[in-house]
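These are my notebook entries on one structure.

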Amino acid sequence: MKKGHLIGRAILFALAAVFAIGFLLPTVLTVTNSFMTQSEIDANYGMVLESARPGGSTYVGDSVNLKFIPDRVSFSQYETVLFRSPEYLLKFWNSIILVIPIVIAQVGIAAFASYSFTRYQGKLKNVLFFSYIILMLMPYQVTVVPNFLVADWVGILNTRWAIIFPGAFAPFSVFLLTKFMRRIPASLIEAAKLDGANEWQVFSKICLPQCRSALYSIAILVFIDYWNMVELPIILLPDAATQPLSVYLATINAGEVGIAFAVAVIYMIPPLLLFLHGEEALVEGIMHSGSVKG
């Protein structure tokens, strides 16, 4: 039995290693290829050619040779992106300007809403919370047209507010944080009330410190989600000057494959650093949020 158990664990470990390597290969390929020269990229992947057919589609002219180690390390792609083409950095800062306010606003609104759902009982609260769950389960593509119509009616279409306002009131954070707040023992809150604490003190000094890991994990998830958004900026921000880097990555000239690799690496750095910094809080927040039924 013990030998069979070890064999089973070895097989599971091997499968997990294969899947992990498969998931990591595209990222490793992107990073290493960003240090290749343009001539080496053309030699390995073939020239990317423009099709003569209507629509201007592109295709790879020669066979592709995946290569992970460059013959000669070159920083020319990063030099072009960081110093010679300010347009790339402009798109990067567009992403920052869009995502950071959404993260701060969504986490702040979720904290107040979750406290209300946790502290107060009643049929209206249950109906409202159920509505939040329904909205969370709906694909975001369903709300694109209503968001466009509302933004046009309010007069914020083609401005950053058309992205920030819907993002600030997204229901996912409220749902996740409410599930976490319900873990806080009622006796702890009642003891604070007996000591003379008002609702604001209970919220700020009891609930928020208890939810620190959940708040951090929600901030990470929201940041990654909106950092990678593409459809909403395309529809709500028709002006290319205000679009984020996630949209711009798909519009890089077909002949600048090396530049695309360098921009992709720069694009991955903020969410990767944020994840590595808060990995423990992210795991703890998700684990505890899902461990208690609402």
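I took a patch to consist of residues with over 30% relative accessible area and no salt bridge, like charges being joined within 9 Å and nonpolar side chains (Val, Leu, Ile, Met, Phe, Trp, Tyr) within 5 Å. I took accessible areas from the Shrake-Rupley method with a 1.4 Å probe, where for residues only the protein chains shown count as cover. The model is predicted, and I note that local features need pLDDT of at least 70, that side-chain atom pairs count only at pLDDT 80 or more, and that totals for chains, interfaces and linings use all residues. Residues are numbered from 1 along each chain as its sequence is written, and side-chain values use heavy atoms, with hydrogens and water left out.

I found a nonpolar surface patch formed by I21, L24, L25, V28, L66, F68 and I69. Together these residues have about 660 Å² of accessible area. I looked up one member, L25, and placed it in helix 1 (residues 2–33); helices (H or I, at least four residues) and strands (E, at least two) are DSSP runs numbered from the N terminus. L25 has 39% relative accessibility and therefore counts as partly exposed. For this class I used the following limits: buried is under 20% relative accessible area, exposed is over 50%, and partly exposed lies in between (1.4 Å probe, protein chains only).

**Entry on cysteines.** I counted as a disulfide a pair of cysteine sulfur atoms within 2.5 Å. The count came to 0 disulfides. I recorded C207 as buried, at a relative accessible area of 2%, and C211 as buried, at 0% relative accessibility.

**Entry on salt bridges.** Side chains of opposite charge can pair when their charged atoms come close. My criterion was a side-chain nitrogen of Lys or Arg within 4 Å of a carboxyl oxygen of Asp or Glu. How many salt bridges did this rule give? I noted 3 salt bridges.

- E79 pairs with R84 at 3.0 Å, N to O. E79 is partly exposed at 36% relative accessibility, whereas R84 is exposed at 57%.
- R119 pairs with E199 at 3.0 Å, N to O. This pair links distant parts of the chain, 80 residues apart, with R119 in helix 4 (residues 86–119) and E199 in helix 10 (residues 199–210). R119 is partly exposed, with a relative accessible area of 21%, and E199 is partly exposed as well, with 25%.
- K193 pairs with E199 at 3.1 Å, N to O. Shared partners join R119, K193 and E199 into one network. I recorded K193 as partly exposed, at a relative accessible area of 31%.

I defined a cavity on a 1 Å grid over the protein atoms alone, as a set of points where a 1.4 Å probe fits but cannot get out; lining residues have an atom within 4 Å of a point. Grid points are joined across faces, edges and corners, and the volume is the space filled by probe spheres set on the points. I found 1 cavity of 30 Å³ or more. The largest cavity holds about 40 Å³ of space.

Which residues line the largest cavity? I listed V81, Y88, L89, F92, L245, V263 and I266. Helix 4 and helix 14 (257–277) each supply at least two residues of this lining. Helix 4 gives the most, with 3 residues.

Methods:
On a 1 Å grid over the protein atoms alone, a cavity is a set of points where a 1.4 Å probe fits but cannot get out, and a pocket is an open set with protein on both sides within 12 Å along at least five of seven lines; lining residues have an atom within 4 Å of a point.
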